[in-house]
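Have the sequence and the coordinates open side by side. The walk below goes from the whole chain down to single residues.

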Amino acid sequence: MGLNKLTNRIYFLEQDPEVDRPMLAYLKGDKISLAIDAGYSASHVQDFYRAIESEQFNKPDFTVITHWHYDHTFGMHAINGISIAYGKTNEFLKDQQEQAKKLNYIEILKKEDIHFRKEYCGQDKLSIVLSDITFSDKMTLDLGGITAQIFHTISPHSEDTTCVYVPEEKVLFLGDSTSEDFFNNGYMDKDKLYSLVQTIQSIDCKYCILSHCEPLSKEDLLAYLLSVEA
């Protein structure tokens with residue numbers, strides 16, 4: 001599976017529903033390259049990097065994490081360069097590190113999640129790391145020719161949701177932010193969804209990128225979210 005081109009600056013390895021792997025994105029600046037999310041596992045990262053290298057691009061200098069869930073973070077130990085996450089994300093990952101001290105934690109996750117069982121088939125240990133850099137509200141990276149505006153936002157999916165906006169390309173990366181909270185019995189907090197919709201409406205973007213589906217236009221995503229909100 002190779003990289004898909006969204007714009008001249010933005011590429012992505014599409015999601016894999018077979019194991020519920022999220023989309024991983026690559027932002028190609030003149031000076032710096034940035035990945036969005038660290039993947040499900042070392043194998044996921046390796047597949048991403050092979051796709052990057054097949055385009056003769058450099059491995060990412062930085063990787064920003066959209067939220068702590070394991071399909072977005074458990075590959076972080078295998079990434080190239082520096083990782084960036086919202087402060088709350090590291091708090092969640094510290095808890096995961098504590099959980100992983102239990103010898104059977106990986107087996108618990110395999111039992112709970114059929115996709116996790118497939119991704120970690122034949123493996124008996126986890127390597128969970130924290131991000132190298134944290135931010136408290138927002139930060140901006142000048143990649144050269146494009147900028148990545150990284151910011152925390154309210155979301156029904158997870159308390160630590162981080163989005164990335166690339167104004168020059170009019171692309172907004174939303175992670176899993178529009179989804180319900182799977183760690184709270186699939187609860188959809190409509191107040192939080194309304195806040196997120198307002199955030200999306202306020203941003204001048206053409207594409208909205210969610211981690212487990214194809215790129216959407218801003219108009220199509222908002223139409224769907226407003227129907228859910230109703």
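This is a predicted model: local features need pLDDT of at least 70, side-chain atom pairs count only at pLDDT 80 or more; totals for chains, interfaces and linings use all residues.

Residues are numbered from 1 along each chain as its sequence is written, and side-chain values use heavy atoms, with hydrogens and water left out.

Start with the overall dimensions. The C-alpha atoms fill a box of roughly 45 × 45 × 30 Å along the principal axes. The radius of gyration is 17 Å, which agrees with the value near 17 Å for a compact globule of 230 residues. That radius is taken over C-alpha atoms, and the globule rule is 2.2 Å times the number of residues to the power 0.38. Of the 230 residues, 50% are buried. Here buried means under 20% relative accessible area, exposed means over 50%, and partly exposed lies in between (1.4 Å probe, protein chains only).

Contacts tell of the fold too. Among contacts with a separation of 6 or more, 59% join residues 24 or more positions apart. A contact means heavy atoms within 4.5 Å.

Now the surface and the charges. The protein exposes about 10800 Å², and carbon and sulfur atoms supply 46% of that area. The areas come from the Shrake-Rupley method with a 1.4 Å probe; for residues, only the protein chains shown count as cover. There are 22 positive and 36 negative side chains, and the centres of the two sets lie 3 Å apart. Lys and Arg count as positive, Asp and Glu as negative, while His and the chain ends are not counted. Each charge is placed at NZ of Lys, CZ of Arg, CG of Asp or CD of Glu.

The secondary structure comes to seven helices and 13 strands. These are DSSP runs numbered from the N terminus: helices are H or I with at least four residues, strands are E with at least two.

Six strands form an open sheet in the order 8-9-10-11-12-13, with mixed pairing. Strand 8 (138-142) and strand 13 (216-217) stand at its edges; each has a single partner strand, so one side of each lacks a neighbour in the sheet. Two strands pair if DSSP finds at least two bridges between them. Strands of a sheet pair through backbone hydrogen bonds, either parallel or antiparallel.

Strand 8 pairs with strand 9 (residues 147-152) in the antiparallel sense over five bridges. Lys-138 stands opposite Phe-151, and Thr-140 opposite Gln-149. The two strands form a hairpin with four residues between them, and Gly-144 in the turn has a positive phi of about 95°. Strand 9 then runs antiparallel to strand 10, joined by four bridges. Gln-149 stands opposite Tyr-165 in strand 10.

Finally, the loops. Lys-170 sits between strand 10 (162-166) and strand 11 (171-175). Lys-170 has a positive phi of about 55° although it is not a glycine. At 34% relative accessibility, Lys-170 is partly exposed. Gln-56 lies in the loop between helix 1 (42-54) and strand 5 (62-64). Its phi is near 60°, again positive in a residue other than glycine. Gln-56 is exposed, with a relative accessible area of 73%.

His-77 is in the loop between helix 2 (70-73) and strand 6 (82-86). At 37% relative accessibility, His-77 is partly exposed. Beyond its neighbours within four places in sequence, His-77 contacts Ala-42, Ser-127 and Val-129.
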